[in-house]
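Subject: Structure handover

Hello,

Here is the structure we spoke about, with the notes on it below. Please read them alongside the coordinates.

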Amino acid sequence: MTYDLVVVGGGPAGVAGALTAALAGLRVALVDSGIRLGGQYFRHAARPERAPGLDRFLRQARVLDARADVLLRHQVWAVSREPDGDLLVHCATRDASAPGERAVVLRARRLLIATGAHDRPLPFPGWDLPGVLTAGGAQALLKGGGVVAGRRIVVSGTGPFLLPVATGLAGAGARVLGVYEANGGLGLARHPVLALGKSGEAAGYAAALARHRVPYRTRQAVVAAHGEHEVEAVTVARLDPDWNVTGTHVVECDALAVGYGFVPQIELGTQLGCETRHDVDGSPVLSVDATLRTSVPGVWAAGEPVGVGGWRLAELEGRLAGRAIVADARQARGADARPAPGADDRTAPAGVRRVPGAGGVPVGGSAAAVVPPLFARRRERWRAFGEALQRAYPVKPGWQGWLRDDTLVCRCEEVPLARVREAQALGATDARAVKLLARPGMGWCQGRVCGYAVSCLAGERPQPPRRPIAQPVTLGALASLTTPADDDTSDTPPDDPSAH
């Protein structure tokens, strides 16, 4: 089977994009590594509790499941292009019928990258102890399985994401000993118009922290974790505006959740050669036009891979990318093509044409034919809000002073700071040279955890990942790899969506 569209990522952006395309009659597959759709924000247990936006998302997921192939527990590790222009999406999955992983390859004419982002940690002494988690990891345990990371928990880092993590843990019965925000308390005070729409949400978190008697401290952060076999206490430091330590005290705890923002997952895009740019916080993200099209033909991106901005922006961008993909498919099928019976024709205007080499912008009315002005203004406003948040909660260079020579920078390869400095003394002037000489980033995570820190220690902005394998895959899965059959080239989707 050749799909009109394969979407990678089952969060707000991926589901919105896949649903928009499927409702317009395209043959769509959505691939996600989780056991349920939702991504990080809408991660939920089998019996979900009420959460803002979750009911709407679950309704979208139910409609999508009836109109598209939703492939869960499928980890995408590579995307390649065939000579005929089709894209091959390489997945690894497990099932009960056979031990180990097996390979699954999907053929698609178009790809939507909606892979989200992961936590950005910073190293500090003791961060490799059991009981030290990322903030997103602690929230994933709680949302996905109802597991509380500990009984006495400290939350530290920077950014508003610390608030829902702390309130969620406290609401689940944990004693949250404090939320330590490394930056100041002004947040979005310099952007009152942008902050106004979030004031109610912020007030709700403040009330929840007060109800559970959780102290919220600014200009403070955890700079060390202590324990023999697991975390037993942390050192909390008072910080100056550049995050240099001005004083410390010790807090006893059995778990620590830390987070310093997010790293967009763009590996699939860079595999295909998509152009990138640096976001406000220096993170590399995929460059897209007004219709969310990347620089590579047939490839779109939405949500965090084009810049961190929250679930509402991700959902909107997924919907806009879906509209653009529908318009592109109709142009390919001919101006007289019509959607399948029962399709919602409002998802994209009929008759939209594209000009080769025009950067994906429709002609006969400009980009507004696919991206209505109202949507464009809304996207611009929410994108501005996301950028304002990154400016309000930056990572300051003083964190490097928290490290000791024996502090592990790369936990996978057990590379301490001293070895990084030794590589620099031998002539390493950038993160890649440090990696080649000292091996940080060569372990299981391939630099996803330590890459940001190594770049900062090397004195450069993080560079786009260049990995031939985007996610770990077993040799058993590679051994089962077969080329997808080329005999099914039908453009007509099945009449019964359940027959997929």
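Helix α8 (residues 311-333) packs with helix α9 (residues 373-392) at an angle of about 145°, and their axes are 10 Å apart. Axes here are lines fitted to C-alpha atoms, for helices over the stretch in contact, and angles run from 0 to 180 degrees between N-to-C directions. Helices (H or I, at least four residues) and strands (E, at least two) are DSSP runs, numbered from the N terminus. The crossing of α8 and α9 is left-handed (the near helix is turned anticlockwise from the far one by less than a right angle). On the α8 side the contact (heavy atoms within 4.5 Å) is made by R312, L313, L316, E317, R319 and L320, and on the α9 side by F375, R378, R379, W382 and R383. By class, that makes 5 nonpolar, no polar and 6 charged residues, where Ala, Val, Leu, Ile, Met, Phe, Trp, Tyr, Cys and Pro count as nonpolar, Asp, Glu, Lys and Arg as charged, and the others, Gly among them, as polar.

The model is predicted: local features need pLDDT of at least 70 and side-chain atom pairs count only at pLDDT 80 or more, while totals for chains, interfaces and linings use all residues. Residues are numbered from 1 along each chain as its sequence is written, and side-chain values use heavy atoms, with hydrogens and water left out.

An open sheet of 3 strands has the order β14-β15-β16, with antiparallel pairing (strands pair if DSSP finds at least two bridges between them). β14 (220-226) and β16 (245-252) are the edge strands, each with a single partner, so one side of each has no neighbour in the sheet. On average, neighbouring strands of this sheet are turned by 30° against each other, direction ignored. β14 pairs with β15 (residues 233-239) over 6 bridges, and A225 has V234 of β15 as its bridge partner.

In strand β6 (residues 87-95), T93 is buried at a relative accessible area of 4% (buried means under 20%, with a 1.4 Å probe and protein chains only). A polar atom of the T93 side chain lies 2.8 Å from the backbone oxygen of R73. T93 and L72 are 21 residues apart in sequence and 8.6 Å apart in space, C-alpha to C-alpha.

In helix α3 (residues 135-145), A135, G136, A138, Q139, A140 and L142 are buried. G146 follows α3 and has a positive phi, near 70°.

Regards

Notes:
Buried means under 20% relative accessible area, exposed over 50%, partly exposed in between (1.4 Å probe, protein chains only). A polar contact is a pair of N or O atoms within 3.5 Å; within protein, one must be able to donate a hydrogen and the other to accept it, and residues adjacent in sequence count only if both atoms are side-chain atoms.
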